[in-house]
Amino acid sequence: MYENPDGVMIGLEVHVQLNKLKTKVFCGCSTDYHNDPPNSHVCPVCLGLPGSLPVINRKAVEAAIKIGLALNCKVEEHTQFYRKNYYYPDLPKGFQITQYDFPISSGGYIMIEGEDGEHRVGITRAHMEEDPGRLVHEGTIDKSKYTLIDYNRSGMALIEIVSDPDMRSPKEARRYLDKLRNILEYLDIFDGDLEGALRVDANISIMGGQRAEIKNISSHKGAERALLFEIVRQKNVLRRGGVVVQETRHFDEAREITLSMRSKEEAHDYRYFPEPDLVPLKISGWAPAIKEMLPELPDARRMRFVEQYGIMDDHAKALTSERKVAIFYEEVAKIADPKISAVWICDVLKGELNYRDLTIEAFRKEDMLSVIELLMSKKITEDGAVDIIRTLLDKGGSPEEIVKEKGLLKVEGDIVSTAAEEAIKENPVAVSDFKAGKEKALNSLVGSVMKKTKGRADARAAREILLGKLG
Amino acid sequence: MITKKDLEHIGWLSRLELSEEDREKYTPKLNSVLDYFGELDKADTGGVEPSYHVMPMSNVFREDVPIASLSQEEALSNAPKNQDGFIKAPRMM
Amino acid sequence: MASINELIERIHADSSEEIVTEYLEKIEKSKLNAFITVAKESALLRAKEIDSQGHDGPLAGIPIAIKDNISTKGIATTCASKILTGYIPPYDAHVIEKLKEAGAIIIGKANMDEFAMGSSTETSFYGPTLNPWDTTRVPGGSSGGSAAAVAGGEAPLSLGSDTGGSVRCPASFCGVVGLKPTYGVISRYGLISYANSLEQIGPFATSVRDVATLFDVISGHDPRDSTSVDRETNYSSALINDVKGLKIGVPEEYFAEGTDKNVEKSVRDAINTLEELGATSVEVKMPHTKYALSAYYVIAMSEASSNLARFDGMRYGLRTEDSDWHTTFSQVRAAGFGDEVKRRILLGTYALSAGYHDKYYLKALKIRTLIKQDFERAFRDADVLIAPTMPYPAFKLGEKIDDPISLYLADVDTVPINLAGVPSISLPCGFSGGLPIGMQVIGKHFDEAAILRTAFAFEENTDFHTRQPEGS
Ligand SMILES: [Zn+2]
């Protein structure tokens, strides 16, 4: 049981950009703007020109239903769009089309690995809305002399996923985000690697204070840092006898601090009302068919991996925690031994990738298969296999070439045998120590064999041969 | 009844800068209209559903097929200030 | 004044260029101030093109005036507001595309009340339009320029928009025919919104036949407007000079206190005329009419307060000196909007704000339901309803502009139609002191055929529509 000594309550609002759709949510502008100049993917609708009207992208609604179902939400019978009226230069119409009453789905949950084991985080609602544009400030927002606006992002389909305040530590918040992203990638509606794909606002309170809303968090790591900072800040305020007020704070990613945004614009009154230019949706009837088509989600895949491939649960969990890794694994395990594949992908490859800040895309499954094949046929040693993987990541090439270049082929038995004989001849002291019962003396003999074979001998095999000759 | 003070708040919510003179001028006129709207209170609307839309339409969609966007030049053609392809707005704070 | 058919004959005999030139000269000499922008060069260019290449559209070579809240690619579109100074839309409204396909030539952008907020065309930043029948009087509004242009012979056809009577009111005051279609029949794509859930674009002409021809061109489904309906129509074929068996509902609430005696008499006479032609009339009760005006204004102002939030001077329009963003935004709007627009934005913001939303906005929407039900009930007993369009003929310039309530009260007979989304056509049915009187024929949802036929039969058997103001 986790004590939660400070009474931390964290709720997250995650904005997910449906960047795998071909077009924006209310207009036909292409979503493929990431490498293009500013304001080159805009039309009268997403630029908010007078007289333009929105029309809903059917695929965006389907994606929203998929997300709702994957988060165990109820898809509502009647859903509609509202205007949220507020002013910001990234908002071309002076209001955002979003949902308010009657969101498309609500009342779900996901399971995360909590401070004390499996932990349930409630999903209040997952609703559709449009993304504002992108603002560029010269330096920081508070110092910049002007604001530059790029509306390419304006009108991208967003799903806002609002959690209940069920997370009790920044670590749980991060795990929630990891899990959520993983689920979304499994649904294949979102590419988390694209800029701005997933943005987070966090609500956090500690015992004895009001909640603060932290905006401008753009990474999972950032969320954890912002929340850690905020807990310390709120505790300090209370310790000094102050009051933690309800407010919006801005996360300064570079300085890893949160700043108060208190200003006149705080007096929000969003004046929600139904968007007259869009008609309601009655699409709960779509849910059963979409549910049928829903891909296998991480938890289900993890269980299947354990059953189907006979691998350890820890390995299954690690393999399924990223959709691309799970796919990579299954492709390898189709051909190679599933257990050995799991060990090498989880224990070696993932570590090497993390160390280099690379994703699984940096490694070809054909290379993984070659490495495993070389190992299984005892042509290389385990150390050699690790060397190949590292070299592939650092310099590229093919496993075969690397084996040749580095001379990693395991040496033949008689060469080891000759080396063992030489070692015995050259180290009479070690031999007599061993014979006198000092088991450790064998290690120096093994080391000598390895040296003579330039590491290409298998250490275990060398040990066996030495024991045979000394026996 | 709205007061001149209320009007300052409504003006801010509407992003309309109102001078003292404006507030003086608008307050009685707005109140006369609100007075008139008081008529609404007399209508019995118990159990009546609001009509957000006049036609009972639902489920209007477009397909996820891209159409040509404006060129950057067209997009910026009406912007009073722009820079390097961006629309230029004043500082935030 | 020339009809579409007469103009087509003249275009064949002479040329579109000559016709367009004549209208341009007329506009140039006019004192009515019916136009904000005259598209002289592009109109002449297009006329020459049609003359040389030919065009088989139903409006080939015929000039048309467009209310200045309808987006026209390459032609300034101002909404009669200073805040849209310099704005040139990079796209055409759906109706403009349709008109261009039909061969029509946009001759200019017609004056209007700023953002269509008004019933007199006096709130225009570009000054008021004058009534061609009496230049000391208003042409009605908000599509006053569109109606005055047609009545004054400055354009044979025009488009307006009707949020709470803005086509029918000036049609009535200027003695021309104007139609507000069923909500959703004409795409609003490109119409700069005042109150989205209420408004429709509508055609003006000097006869029911020409209104029907123009209506056929601009109506129809548009996938860019989610509220656009998809149904096959041919309105011109509804024009039959026969009202035998037609049941006319007469809503007594529309002849309430404040209605001018001559107006009442003309409308009742018109109903008699139709009865003589074989129609029957029956009194219908529309008990919630008295709440319509308040409900209408609350809804319109609420939607407007949000619709007009986009005018911040960043992407288009007026820009003042830079301060911080929120201050600049407030100053741009203070400098760019006129008094009536500001009043409506303020009231709409108030009606939607925390604590007042249910009292005003939600209450108004419930009353809207009751008004719709009034119409449904009335149409159980009647095929069409006939009532005065305006309670009185055109009033004097400056008479009501400083008193919002008295100005709003002028819309008492037109706004219920928008709340219910039903179609209504206004056509001349009499004169009072030399000023035209209009009656409206109101139909069921999508039954434009019935009101066009009724109006057509009346027109065929009377001559009010043939009278013209002096000098036109
Ligand atoms: Zn667009």
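A salt bridge, as I use the term here, is a side-chain nitrogen of Lys or Arg within 4 Å of a carboxyl oxygen of Asp or Glu. I keep in mind that this is a predicted model.

**Entry 1: where chain B meets chain C**

With that rule in hand, I looked across the interface of chain B and chain C and found three salt bridges. One I noted down is B:K81 with C:D322, whose closest N and O atoms are 3.4 Å apart. I then turned to polar contacts across the interface of chain B and chain C, and there the tally is 22 residue pairs.

Which elements of chain B give two or more residues to the side that touches chain C? They are α1 (4-13), α2 (20-37) and β3 (86-90). The largest share of that side comes from α2(B), with nine residues.

Next I looked up the extent of the meeting. I see 50 residues of chain B in contact with 70 residues of chain C. The two chains bury about 5400 Å² between them, and 66% of it is on carbon and sulfur atoms. On the chain B side, B:L40, B:V54 and B:N78 lose the most area to chain C, together 13% of what that side buries.

**Entry 2: the nonpolar cores**

I went on to the largest nonpolar core, which has 306 residues. A:I161, A:Y176, C:L99, C:F115 and C:F375 have the most contacts inside it. Helix α9 of chain C (residues 289-307) gives the most to this core, with eleven residues. Chain A takes part too: at least three residues come from each of its domain 1 (9-290) and domain 2 (298-406).

**Entry 3: the domains of chain A**

How is chain A divided in the domain assignment, and what are the bounds? I read domain 1 (9-290), domain 2 (298-406) and domain 3 (414-470). I also looked up how far apart domain 1 and domain 3 of chain A lie, and their C-alpha centres are 64 Å apart.

**Entry 4: charged pairs**

A reminder to myself: side chains of opposite charge can pair when their charged atoms come close. Over all chains, the count comes to 72 salt bridges.

I began with A:K317 and A:E113, which form a salt bridge with the closest N and O atoms 2.6 Å apart. A:K317 sits in helix α6 of chain A (residues 313-320) and A:E113 in strand β6 of chain A (residues 105-114), so this pair ties together parts that are 204 residues apart in sequence. Are these two residues buried or partly exposed? A:K317 counts as partly exposed because its relative accessibility is 29%, and A:E113 counts as partly exposed at 38%.

Then I checked A:R249 and A:E247, whose side chains meet in a salt bridge at 2.8 Å, N to O. Both A:R249 and A:E247 are buried.

The side chains of A:R364 and A:D367 also meet in a salt bridge, at 3.4 Å, N to O. A:D367 has a relative accessible area of 7%, so I mark A:D367 as buried.

Key: Residues are numbered from 1 along each chain as its sequence is written. Chains are lettered from A and ligands numbered from 1 in the order in which they are written. This is a predicted model: local features need pLDDT of at least 70, side-chain atom pairs count only at pLDDT 80 or more; totals for chains, interfaces and linings use all residues. Side-chain values use heavy atoms; hydrogens and water are left out. A nonpolar core is a set of buried Ala, Val, Leu, Ile, Met, Phe, Trp, Tyr and Cys residues joined through side-chain atoms within 4.5 Å. Buried means under 20% relative accessible area, exposed over 50%, partly exposed in between (1.4 Å probe, protein chains only). Helices (H or I, at least four residues) and strands (E, at least two) are DSSP runs, numbered from the N terminus. Domain bounds come from an automatic or database domain assignment. Contact means heavy atoms within 4.5 Å. Buried area is the accessible area (1.4 Å probe) that two parts lose on being put together, summed over both. A polar contact is a pair of N or O atoms within 3.5 Å; within protein, one must be able to donate a hydrogen and the other to accept it, and residues adjacent in sequence count only if both atoms are side-chain atoms.
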